[in-house]
Amino acid sequence: MKIGAFGEVMLRLTPPEYLLLEQSNQLRMEFTGTGVNLLSNLSHFGQETALLTMVPDNRLGEAALANLRRLGIATDFSGQAGDHLGSFFAEIGYGTRPTQVTYQNRRNSAFSLAATKDYLLADFVAQMDLIHICGISLSLTEQTVATALTLAEMAHGAGKKVCFDFNFRPSLNDEPGQKAEMKQRYEAILPYCDLVFGSVRDLVELLHFGEAPADEAAETALIQDFMKQYGLQWFAGTKRERRDEPGIIGKLYTPEQEIKSPWHKLSVLDRIGAGDAYAAGILLGYGEGWDLQRTCEFATGNAVLAHTIQGDVPLTSCRMVEHYLQHPDVDLLR
């Protein structure tokens, strides 16, 4: 399966050794973003991938494209225009101190300013089997919203599978009335989607779809009602659950079934990008025709491993994930 994504390439700047910005005069630089993380992981799994995006027409943009190619992502549909790349600082948390992400002026990036006409959407849709659209594109500018909706409609009309991730960011939607506008945008794109990544919280708080469920059975019923309303095949997400130690459970729904992974303990080096790793595992199982239980367990194992890798990009392989699932206590390979 050839998998494409529409999303922003971002520059992540991270102080070393869990330091705060005030403590360091050094920053580690990485090119990242939901589409980059997802596709690079799928490339490591042996899938063919391509990113539809726009980066600056300068050395920074050239470096970003070179990084995409190094990660195995095709850049045939990645254009160059403007002079700004969206960026963020990631101060990695430790113990009770959470990781702090600070975005920089994302709405003026090359990606945010690119219009629908600047992309070869018809060619992109024709060459892909499945297209992932990051929900952040609905939070940035009128241009990114229009492109995301047009792409979803075109892909759906061409019989291609469309995947959507809510990926709501409060810091990008903090103006009065913006949540109501986001609700309208979500409702506009969902009829074109086949797979959705999200949570009950997204449905209740963003879409006002039903009320907060009182128990797990009500939660399942709410999600499946939502799926039936929009004709979705799969709905997937993770749930963090503490059992003396931090842990995670993966969940995968069809309109008739609920699949759960076993609980996994988390050891957190860097949690940014772990959700993208879960999504990559789900899409791998979907594309390869795996059964639901195997897909959910593989995706959850992949997310667990992603927490142990520094940086956003999950550089796991199928062999690594399968080894972890079969031998979770092995801590040395020779």
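User: What makes S13 and S14 a pair, and how many residues lie between them in the hairpin?
Analyst: In this predicted model, three bridges join S13 to S14 (residues 258-260). S13 and S14 run antiparallel, and the hairpin they form has four residues between the strands. Within S14, Glu258 is the bridge partner of Tyr253.

User: Which other strands does S13 pair with, by the bridge criterion?
Analyst: Six bridges join S12 (residues 234-240) to S13, and two bridges join S13 to S15 (residues 264-265). Since at least two bridges are required, both count as pairs.

User: Why is S13 called mostly covered?
Analyst: Buried means under 20% relative accessible area, and seven of the seven residues of S13 (residues 247-253) are buried, so the description applies. On one side these are Gly247, Ile249, Lys251 and Tyr253; on the other, Ile248, Gly250 and Leu252.

User: How do you know that the length of helix H5 agrees with expectation?
Analyst: At 1.5 Å a residue, the 16 residues of H5 (residues 142-157) should span 22 Å; the end C-alpha atoms are 22 Å apart, so the two agree.

User: What makes the buried residues of H5 line one face?
Analyst: The buried residues include Thr144, Ala148 and Leu151. Seen down the axis of H5, the buried residues fall within an arc of 165 degrees, so they line one face of the helix. On the other side, Glu142 and Gly157 are exposed.

How values were computed
Residues numbered from 1 in each chain as written. Predicted model: local features only at pLDDT ≥ 70, side-chain atom pairs only at ≥ 80, totals over all residues. Heavy atoms only, no water. Expected span 1.5 Å × (residues − 1). Buried < 20%, exposed > 50% of the residue type's maximum accessible area, 1.4 Å probe, protein only. Arc of directions from axis to C-beta.
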